[in-house]
Amino acid sequence: MATAIYAGSFDPVTYGHLDIIERSSKVVDELVVSVLKNSAKNPLFSVSERVSMLEEVTSHLANVRIDSFDGMLVDYAKKINATVLVRGLRAVTDFEYELQIAQTNHIVNPGVDTIFFSTSLEYSYLSSTIVKEVASYGGDISKFVPEQLRKRVYEKYQERSLKGV
């Protein structure tokens, strides 16, 4: 088996993300769930907050560790000696994009392969964007986000509202 990376923004982490984390952790020696530091995006949570939330909701998985990175994923993989990238697929449109990225990554670093996990049907519609949209209007996100994170999501929107953002 190998060390794998499941990278993403996780802003916030959803049940769909956790589904992929739990399933992929069963097929690798170590799974590094890594938060991408993307200066081009305006995230709801800081990188350190997202790392903390992921640590909290994955603490029961002994072979999972949480990290963050910036730059190219294949360079990060080389740095931590990972040979597998984990990607989740919700729909055919995800596959087209993810396949292109996987092929590019393999050309840039032939020592890295990508494995795809299709999202469980119960989460196939779910994305962090949907969670944020529903939460921004005060909607119920209990079917989208683990209980221990819900309050934090709502608090972020309250903070933004008070700041006029």
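Author: Happy to! Helices (H or I, at least four residues) and strands (E, at least two) are DSSP runs, numbered from the N terminus. This is a predicted model, where local features need pLDDT of at least 70, side-chain atom pairs count only at pLDDT 80 or more, and totals for chains, interfaces and linings use all residues. Residues are numbered from 1 along each chain as its sequence is written, and side-chain values use heavy atoms, without hydrogens and water.

Let us start with the space itself. A pocket here is an open set of points on a 1 Å grid over the protein atoms alone, where a 1.4 Å probe fits, with protein on both sides within 12 Å along at least five of seven lines; lining residues have an atom within 4 Å of a point. The lining of the largest pocket is made of 45 residues, and Ala-7, Gly-8, Ser-9, Lys-41 and Arg-87 are the closest to the pocket's centre.

Helix α4 gives the largest share, with eight residues. Sorted by class, the lining of the largest pocket has 19 nonpolar, 16 polar and ten charged residues; Ala, Val, Leu, Ile, Met, Phe, Trp, Tyr, Cys and Pro count as nonpolar, Asp, Glu, Lys and Arg as charged, and the others, Gly among them, as polar.

Helices α5 and α6 pack with their axes 10 Å apart, at an angle of about 60 degrees, where axes are lines fitted to C-alpha atoms over the stretch in contact and angles run from 0 to 180 degrees between N-to-C directions. That angle is why α5 counts as oblique to α6. From α5, Lys-132, Ala-135 and Ser-136 meet Val-153, Tyr-154 and Tyr-157 of α6, contact meaning heavy atoms within 4.5 Å. This contact has four nonpolar residues, one polar and one charged.

Helix α2 (residues 47-58) also comes up to α6: their axes come within 10 Å and cross at roughly 160 degrees. Therefore α2 is roughly antiparallel to α6, the word for angles over 145, while under 35 is roughly parallel, 65 to 115 roughly perpendicular and the rest oblique. Glu-49, Ser-52, Met-53, Glu-56 and Val-57 of α2 make the contact with Gln-148, Leu-149, Arg-152 and Lys-156 of α6. Here the classes are three nonpolar, two polar and four charged residues.

Phe-10 has a positive phi, near 50 degrees, in a residue other than glycine. The loop between β1 and α1 holds Pro-12 as well, and the peptide bond from Asp-11 to Pro-12 is cis, with omega near 0 degrees. Leaving aside neighbours within four places in sequence, Ala-2 is in contact with Val-28, Asp-29, Glu-30, Thr-83 and Val-84.
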